[in-house]
Amino acid sequence: QALLGAMPAAAARDLVAELDDGSLRVVADVARDTHGSWGVIAAFDKTRAPFILASICEHVVPLATQQNGCRVVQAVLKAAAQGGMDIGAAVSGLIAGGLEHLATHSFANYAVQVALRHASAPQREAMANELLPRLLALSASKHGSNVAESVLSLAQQPQLDQMCETVFGPLGAPAVPPGDALRGLMEHPFGNYVLQTLVRRVAEPRRRADAIDKLRAATAPSNYGRSILARLGAE
């Protein structure tokens, strides 16, 4: 890593090119190793070699579900996107690989979050459309709840309105008793954070006031209602 950083750009490209055997397998194999993963990241940071990105795209799901490989997926996709390179193949691979499973995976959830932040607008919408209907299930998972918050933070207003309808019910509907979705999120140690993110993203004043009223009505000693309201500044 230090050697690559100190080398002239042309020499670094020549050295890194030795990893390119045309099969896209060597980089993926190296990326699974603890030390090799940092080497791949350093090589891409220095050279932006297209074959490295192509290899990560080709093997994105198996790499994302492996501890060292996931580190490489996150770093390469972020650097590639910031450098104007196309990461669409990697995002498509994650979508095809089963987003809900990957979103709840202890390693792959981080790759899904990076993809959400750096995907093109159409692919980000495709990811959100697949994950939002599973938001309640994701919210009950330690790792999935992080993805759920990421999805909500990037969702469009119509998607947020639909999720509010699912969680809080129709605007102006009775606040008591709370529906199963609201009650489940308020009682869950991970889900309550997802609920906070949802309310923060609500832009329409009447919808937000309705959500806060229903949160207050459903608050009980057995759930996280008071903590949620406090964090929202709505006690």
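This is a short chat about a predicted model of one chain.

Trainee: What should I know about the numbering and the model?
Mentor: Residues are numbered from 1 along each chain as its sequence is written. The model is predicted, so local features need pLDDT of at least 70, side-chain atom pairs count only at pLDDT 80 or more, totals for chains, interfaces and linings use all residues, and side-chain values use heavy atoms, leaving out hydrogens and water.

Trainee: How many helices and strands does the chain have?
Mentor: The chain has 18 helices and zero strands. Both are DSSP runs numbered from the N terminus: helices are H or I, at least four residues, and strands are E, at least two.

Trainee: At what angle do α2 and α4 pack?
Mentor: About 135°, with the axes of α2 (residues 9–16) and α4 (residues 34–47) 10 Å apart. Axes are lines fitted to C-alpha atoms, for helices over the stretch in contact, and angles run from 0 to 180 degrees between N-to-C directions.

Trainee: Which residues make that contact?
Mentor: A9, A12, R13 and V16 of α2 meet A43, K46 and T47 of α4, where contact means heavy atoms within 4.5 Å.

Trainee: New topic. Is S37 buried or exposed?
Mentor: S37, in helix α4, is buried at a relative accessible area of 0%. Buried means under 20%, exposed over 50%, partly exposed in between, with a 1.4 Å probe and protein chains only.

Trainee: What does S37 touch?
Mentor: Leaving aside residues up to four places away in sequence, S37 touches V30, A31, N68, R71 and V72. The side chains of S37 and R71 are 2.8 Å apart in a polar contact.

Trainee: What counts as a polar contact?
Mentor: A pair of N or O atoms within 3.5 Å; within protein, one must be able to donate a hydrogen and the other to accept it, and residues adjacent in sequence count only if both atoms are side-chain atoms.
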